[in-house]
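Subject: A structure for you to look at

Hi,

Here is the structure I said I would pass on. Have it open while you read, and I'll walk you through what turned up.

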Amino acid sequence: MKLKYLTILTFIFAQMIGCKGLPEYLFLPQSLKFDLTPFLFRVYSPAELATLSNADYNLNESGLITAAKLSHYLSNWNNNRPAGVPGNLIVFQVQTSGGSGRFVFFDGKQTFAYPVPNLPELLADVRDDGVLAIDGVVPKGKKISDFFSIYGIDPAIDYIVFAGDTASLANLSSATFAYYSLLYWGFPKERLAVLNGSIADLTAASSLFTTPSYTYANSNRVGSIKNLFRDHTVLQLTIGDLIHAIKNGNTNLEEVDPIPAEGFYIIDGRPNASYTGTINSTASGSKYANCTTKTNSTFVSNTCVVTYEGRIKSSANLVPSDLYDGTTFQFKSFSQLQTYLNNTGYPANKQIYIYGEDATKGSLIWFVLHQILGKPTRLYEGGWKQFGALGLRSPSSGSSPSAISQPASYWRTDIATLSESNTPNADANVPNYQLDVSRQFIKNSNKLRTEDKSFLRGTASSGSGGGGGAPSGGGGNACGG
């Protein structure tokens, strides 16, 4: 084995000698004729991926940044960029509906900006974790690769900012989930940011320079996330991890993460009425009538309600609307956010398991905890949309069965050991998404992370290529040949 490592190191040294001016980030594997992935990959912990914000947000260079910082970057990116960032500045102006009519000013050479009305389509997927497929979770690797291709991004060197176009909860949540998705896929936290406030409001306050017209420009290059050799998939908490932890490790589930040595703390990031089970957290209104006539293999948005309402066992409530201004949708001060977390009873240093209604809404609370307050935090992407769907319902005659039909199913959640304040939803509002018996007794819910780890370590192409420019991180000879 020692001889094997010595041979590899000798070859690397020879390559470096032959590649004068090799940049700090690794192009090396593209010049080698064998796969070094097993030796170069690093698996990160939640604590290593956390970002502790400055109490003064203006001092942040990544994570949560202010208009003053973004304006400083845009005014002269070549001289004002953060240390260790050699690539372009790319701003995504997130707008889920309508538009402000103002656009971030960019030079089209080192800075680029894109108004994006469909960010959830680009950076989310319908995926099956082996138990129950749901929509709106972190996308597959191919989708991430396509995203980089579309917008000319090299993840080895570029810096990305997600910014709400107008002030809304939907835009803010979309921005935080996009941030989470890229971080999950290995994008370094030092080159990711969310703008505190909306483009429209910051323009009106003369804090950000924008224009009323937009001209598309693209760097015409693309790099591969695989070339970073970073595994951040620990950010995703599976339902198996969650159940295994709640039951103190007394399960027969497979491929679950061990309970953290420092312990864990579950936070429900939904409105209080959802936390107490007094309202439908997943849906409401007349459009959810006659759900028992619907058959769904996937629990999707705007498709009826879950089997029951309530909360995950022993979870504390951190109300999302407490964390931001309800008009500007800027995050509250660092000290205020810390106080709200302390008020949940959080014991310092424990790993936090956070969930919301779904992955997008949960990502907002995750961002506060993990990327502002710097706490080791994992996101249960399935959220209450998945957890609350896995109940055993006894429908009236003629109604559709619930997802769980076997009382002893490994994934039944409406039991005292796993949930609290349970309130069954009416049969007519619950769709037919019954799991077959084999799924109800499958022992593994780690399908997504397994797929993603394989993608990162695989040799297949990560997506469609960029335009006319030569890729700076996605392939070719590292020596420039």
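First, a term you will need: a residue is called buried when its relative accessible area is under 20%, exposed when that is over 50%, and partly exposed in between, using a 1.4 Å probe and the protein chains only. Take Ser315: with 5% relative accessibility, this residue counts as buried.

A word on where all this comes from. This is a predicted model, so local features need pLDDT of at least 70 and side-chain atom pairs count only at pLDDT 80 or more, while totals for chains, interfaces and linings use all residues. Residues are numbered from 1 along each chain as its sequence is written, and side-chain values use heavy atoms, with hydrogens and water left out.

**The overall picture**

The protein has 17 helices and 18 strands; these are DSSP runs numbered from the N terminus, with helices (H or I) of at least four residues and strands (E) of at least two. Of its 481 residues, 56% count as buried. The accessible surface is about 19,200 Å², and 53% of that belongs to carbon and sulfur atoms (areas are by the Shrake-Rupley method with a 1.4 Å probe, and for residues only the protein chains shown count as cover).

Contact here means heavy atoms within 4.5 Å. Looking at contacts between residues at least 6 apart in sequence, 79% join residues at least 24 apart.

How many of the eight residues of α11 (residues 239–246) are buried? Eight of the eight are, so this helix is largely enclosed by the rest of the structure. The buried residues include Asp241 and His244, along with Ile239 and Leu242. They pack against β12, β14, β16, β17 (377–379), α15 (383–387) and α17 (447–457). Just after α11 you will find Asn248, with a positive phi of about 55°.

Now try α13 (residues 334–343), whose buried residues are Phe334, Leu337, Gln338 and Leu341. Seen down the helix axis, these fall within an arc of 100°, so they line one face of α13 (the arc is that of the directions from the helix axis to the C-beta atoms). That set packs against β12 (264–268), β16 (351–355) and α14 (359–372). Just after α13 comes Gly345, with a positive phi of about 90°.

**Some single residues**

Back to Ser315, which sits in the loop between β14 (308–312) and β15 (316–317). Apart from neighbours within four places in sequence, Ser315 is in contact with Ile266, Asp268, Tyr275 and Tyr355.

Phe229 has a positive phi of about 55° although it is not a glycine. You can find Phe229 in the loop between β10 (210–211) and β11 (230–231), and at 6% relative accessibility it counts as buried. Ser421 also has a positive phi, near 55°, without being a glycine. Ser421 lies in strand β18 (residues 419–424) and is partly exposed, with a relative accessible area of 34%.

Asn272 is in helix α12 (residues 272–275) and counts as partly exposed at 41%. Asn272 and Leu318 are 46 residues apart in sequence, yet 8.2 Å apart in space, C-alpha to C-alpha. Leaving aside neighbours within four places, Asn272 is in contact with Asn317 and Val319.

**The holes inside**

Rolling a probe the size of a water molecule over the atoms shows where empty space is left. On a 1 Å grid over the protein atoms alone, a cavity is a set of points where a 1.4 Å probe fits but cannot get out, and its lining residues have an atom within 4 Å of a point. Grid points are joined across faces, edges and corners, and a volume is the space filled by probe spheres set on the points.

The structure holds two cavities of 30 Å³ or more. Of the 15 residues that line it, the closest to its centre are Asp129, Glu381, Gly382, Gln386 and Leu448.

The second largest cavity has a volume of about 80 Å³. It is lined by 15 residues, with Gly164, Leu172, Gly197, Ser198 and Phe329 nearest its centre. The elements giving two or more residues to this lining are β8 (159–164), α9 (169–184) and β9 (192–198). The largest share, four residues, comes from β9.

Methods. 1 Å grid on protein atoms, 1.4 Å probe; cavity = no way out; pocket = protein on both sides within 12 Å on 5 of 7 lines; lining within 4 Å.
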